[in-house]
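Please keep the sequence and the model at hand while reading.

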Amino acid sequence: MSSAFLADVPPRPQAASGAFLAALAIAQVGAFLSFMPLLTILAPLKAAAIDPDNKAWILAQVGFWGALVAGGANILAGALSDSTRSRFGRRRPWLIIGATGTAASCFVIMRADATPELVGGVLLFQLCLNLLFGPLVALLADQVPPAQRGRAAAFIGLAPPAGAMTGALLVGVALPQDSVRYAVIAGLLVAATIPVLLLARETPTGPGVFRLARPRQAAKLRPFRLTRDFAVAWLSRLLVQAAITIVSLFTLFNIQDRGAPPGGLAPEALLGLLVIGSSLVQVAASLAGGFLSDHLRRRKAFVLAAGLLVAAAAILLAFSADWRLMAGAFAVFGAGYGLFTAVDAALITEVLPSAHDAGRDLGLSNLANTLPQMFAPLLGAVLLQTYSGYAWLYLAAGVAAAAGGLLILAIRRAR
């Protein structure tokens, strides 16, 4: 291969421009704008419309199989993009494939009117979204130097609250028609991906438009080597994300079954307002956590605080579905979620086993995000069949979040 193509020698990241950081954050917002409403509102509404009496079990199937595909697709997308040979770089072709496929899958879900169709649509959605998301996350390690990663992760950390807030406003409040809901989130996802496609400074890795490395070239990638700190960071993320998933996934059902929305609000409208309020807190916490962690050159204390805040919110939700208590709990939840998404993303890049295979290794780290989407719906479906099921479900989430926050103290390579 010509020396002009440097795929086998990852360059040392130069300082990232503000425009690129903004584009990276906007693309992440687009991804979460499609994902968060699907997780918290659209899939639960579809499950309830298909079979109101078995909605929890339908949602469990959607969550389990969707997360299984998401985990595998994220690792695959990262590894494939690591070995992609293109004059447009390693990541850019997969961003295009993932964005267009995800937009198309939204319409498949929209038309589902039975459990197999809903599950199939979500499988396609998770496959395509992770073909986009895996390479998108890898750009943080590729193109942002360590000294900027806290602030970069802070801007990227705006994606979950901005996506959740915009999605809740559009899907839960402003757009009552299903066809319009799905069309808007699909269109916004595609539009949000365009800036990062234009601004990413990707080194050409081959002369053609797109191909994968030949087997002997791909073999040059080092085999995965599990390190202690990476394992600790992975398990910590798994536990905190399990708590976040439970709170996100079951709050609509909690309001439907235990709550009394004020002023005759529909349950999804109340959830939309709670998510908007929580997201505003999350934005502030994400920015503050990312910039402070860079300034102090410390990450672990912020992840610990995030886990404890998420735990406190889950415990509050365990005791009552009164909308006032839920509003307070969601504010605390937003603070913890914002700190976690910003600082944990920066921390994980500092304990990667291999700088060369960042796409693959970040895909493996993303399993800690997707596995909770597999077992949390199953846990919820079981506990909701028992007396005080919601209380036990949220208490379990609180224990997981606290344990995940405390576990991060065992990391040695990062402060």
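Rings of Phe, Tyr and Trp (its six-membered ring) are taken to pair if their centres lie within 6.5 Å. In this predicted model, a search of the whole structure finds six aromatic pairs. A pair of aromatic rings is described by the distance of the centres and the angle of the planes.

**Phe32 and Phe133**

- The ring centres of Phe32 and Phe133 are 5.8 Å apart and the planes stand at 80 degrees, so this pair is edge-to-face, given that an angle over 60 degrees counts as such.
- Because Phe32 belongs to helix α1 (residues 18–50) and Phe133 to helix α4 (residues 115–143), the pair ties together parts that are 101 residues apart in sequence.
- Phe32 is buried, and Phe133 is buried as well.
- Phe32 and Phe133, along with Phe35, form one aromatic cluster.

**Phe333 and Tyr337**

- The rings of Phe333 and Tyr337 have centres 5.6 Å apart and planes at 50 degrees, and the pair is therefore tilted.
- Both Phe333 and Tyr337 lie in helix α12 (residues 323–350), where they are four residues apart, about one turn of the helix.
- Phe333 is buried, its relative accessible area being 5%, and Tyr337 is buried with a relative accessible area of 6%.

**A charge over a ring**

- The ring of Phe253 has the charged end of Lys55 sitting over it, at 4.8 Å from the ring centre.

Conventions:
Residues are numbered from 1 along each chain as its sequence is written. This is a predicted model: local features need pLDDT of at least 70, side-chain atom pairs count only at pLDDT 80 or more; totals for chains, interfaces and linings use all residues. Side-chain values use heavy atoms; hydrogens and water are left out. Rings of Phe, Tyr and Trp (its six-membered ring) pair if their centres lie within 6.5 Å; planes under 30 degrees apart count as stacked, over 60 as edge-to-face and the rest as tilted. Helices (H or I, at least four residues) and strands (E, at least two) are DSSP runs, numbered from the N terminus. Buried means under 20% relative accessible area, exposed over 50%, partly exposed in between (1.4 Å probe, protein chains only). A charge sits over a ring if NZ of Lys or CZ of Arg is within 6 Å of the ring centre and within 35 degrees of the ring normal.
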